[in-house]
Amino acid sequence: NVGSKVAKVAQDFGMRVLLNDLPREEKEGNIAFTSLEKIAEECDIITFHVPLYKEGKYKTFHLADENFFRSLKRKPVIINTSRGEVIETDALLSSQAISDAIIDVWEHEPEINRELLEKVIIGTPHIAGYSADGKANATRMSLDAICKFFQIDGDYEINAPAPAFPVIQAKRCTPSNV
């Protein structure tokens, strides 16, 4: 879901977008998808939006490992907003094949690798689960699972509260107001 939204925004900005989604490719065919190898060779920005699967057909644990970083050809910016363990931290730290990294999720959360934090261009705390929408989605998923388990029809409505401040304003920081 997030990856599709990021792809749309990137395309709206005129970027050429290469997609790699093995489960979708299996269902939909490979017309819209490309290999991770081609992405490593051709992309200037590589962003990860995958669930964490530690094993199996669609394993994503350490998807970006030492071999992946060695295969990079264009010194891309690496962005991870999916799960920390999708990128092998030590491999990312030792890689000379990237220009920068943006990290929102950290391997071994809630502990973060301070060395990696010092090296990334942007490092943020992963707080999606703490938002009102995240809590509403988790509640919905829990209720769906309970209803499915007990084979009952779930007839409920979950409404996340509106934010107290729905408009976020940013102002440029200068040395005098930092």
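The structure holds 0 disulfides, a disulfide being a pair of cysteine sulfur atoms within 2.5 Å. Two cysteines are worth a look here. Cys43 is buried, with a relative accessible area of 10%, and Cys147 is buried at 12% (buried means under 20% relative accessible area, exposed over 50% and partly exposed in between, with a 1.4 Å probe and protein chains only). The model is a predicted one, in which local features need pLDDT of at least 70 and side-chain atom pairs count only at pLDDT 80 or more, while totals for chains, interfaces and linings use all residues. Residues are numbered from 1 along each chain as its sequence is written, and side-chain values use heavy atoms, with hydrogens and water left out.

Turning to the sheet, 4 strands form an open, parallel arrangement in the order S1-S2-S3-S4. Helices (H or I, at least four residues) and strands (E, at least two) are DSSP runs numbered from the N terminus, and two strands pair if DSSP finds at least two bridges between them. Strand S1 (45-48) and strand S4 (122-123) stand at the edges with a single partner strand each, so one side of each has no neighbour in the sheet.

Strand S2 (residues 77-80) is joined to S3 by 4 bridges, and the two run parallel. Within this pairing, Asn80 stands opposite Ile103 of S3. From S2 the chain passes through H5 to S3 in a right-handed β-α-β crossover, meaning that, with the strands pointing away from the viewer, the path from the first strand over the helix to the second runs clockwise. The passage from S3 through H6 to S4 is likewise a right-handed β-α-β crossover. S3 and S4 run parallel and are joined by 2 bridges, with Gly123 in S4 as the bridge partner of Ile103.

In a regular strand the side chains alternate between the two faces of the sheet.

The lining of the second largest pocket takes in Leu92, Leu93, Ser95, Gln96, Ile98, Ser99, Asp100, Ala101, Leu116, Lys119 and Val120 (a pocket is an open set of points on a 1 Å grid over the protein atoms alone, where a 1.4 Å probe fits, with protein on both sides within 12 Å along at least five of seven lines; lining residues have an atom within 4 Å of a point). Helix H5 (89-94), strand S3 (100-103) and helix H6 (114-119) are the elements that give two or more residues to this lining.
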